[in-house]
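Q: Please take a close look at one helix and at the charged pairs in and around it. Give the cut-offs for each term as it comes up.

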Amino acid sequence: MPGSVTKPDARVKLLDAALTVIRTKGYSATTVDELCAAAGVTKGAFFHHFRSKNELGVAAANHWSEMTGALFAGASYHDHPAPLVRILDYLEFRKALLAGDLPDFTCLVGTMVQETYETVPAIRDACARSITSHAATLEADIEAAMREREMAPDWTAKSLALHTQAVIQGAFILAKATGGAEIAADSIDHLSRYIRLLFGAGAERHSL
């Protein structure tokens with residue numbers, strides 16, 4: 001029908017619920033019953049779409065990648081003509097996302113991989129794909145900034161892109177440990193300063 005809105009099916013409801021419940025309670029503490037209650041679906045519907053909680057965990061990591069991928073792809077930090085400014089604006093965007101309660105801004109795949117890296121390889125691998133594929137979106141801008149400054153360092157754009165994610169994931173852990181986002185924002189600020197120094201950009205944005 002024209003103008004009608006397609007309602008999400010049970011599978012999408014369960015995946016959306018997983019993003020919230022797992023970030024709140026952790027993967028191990030989250031039960032199938034809690035996921036069904038949060039999604040408003042029956043347990044039968046759960047097992048119609050997923051053979052196990054672990055299978056849902058893999059699907060949730062992929063769902064997270066799709067949701068966040070769209071968010072970052074549409075962000076305004078891509079618009080600046082200078083590649084280094086795009087990188088720094090990306091970090092400012094990450095800092096701006098540190099809003100709401102801890103489950104609202106912490107990372108689903110970072111949460112899951114800490115609990116499953118040894119016990120559930122399929123979830124570990126899905127989380128690794130999510131984190132590394134996001135890091136890869138920064139590589140072109142890093143490479144462009146390196147060319148612009150005629151740099152030939154002993155590190156690669158890929159390694160720096162992965163380092164940004166190591167810092168951000170660590171910032172989420174610190175936020176959980178302290179119960180607030182302030183320390184995470186400080187960590188991102190330090191990362192921004194490090195990148196400025198690495199590229200010889202000085203301390204102020206106008207020097208770029």
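A: Glu55 is partly exposed, with a relative accessible area of 24%; buried means under 20%, exposed over 50% and partly exposed in between, for a 1.4 Å probe and protein chains only. This is a predicted model, in which local features need pLDDT of at least 70, side-chain atom pairs count only at pLDDT 80 or more, and totals for chains, interfaces and linings use all residues. Residues are numbered from 1 along each chain as its sequence is written, and side-chain values use heavy atoms, with hydrogens and water left out.

Glu55 forms a salt bridge with Arg51, their closest N and O atoms being 2.6 Å apart; the term requires a side-chain nitrogen of Lys or Arg within 4 Å of a carboxyl oxygen of Asp or Glu. Arg51 is exposed, at 70% relative accessible area.

Helix H4 covers residues 53-73; helices are DSSP runs of H or I with at least four residues, numbered from the N terminus. Its 21 residues should span 30 Å at 1.5 Å a residue, and the end C-alpha atoms are 30 Å apart, which agrees; the expected span is 1.5 Å times one less than the number of residues. Among the buried residues of H4 are Leu56, Val58, His63, Trp64 and Phe72. What covers the buried residues includes helices H1 (10-25), H2 (32-39) and H8 (121-136), where contact means heavy atoms within 4.5 Å.

Elsewhere, Lys43 pairs with Asp33 in a salt bridge at 3.3 Å between the closest N and O atoms. This pair links distant parts of the chain, Lys43 lying in helix H3 and Asp33 in helix H2, ten residues apart.

How values were computed: Helices (H or I, at least four residues) and strands (E, at least two) are DSSP runs, numbered from the N terminus.
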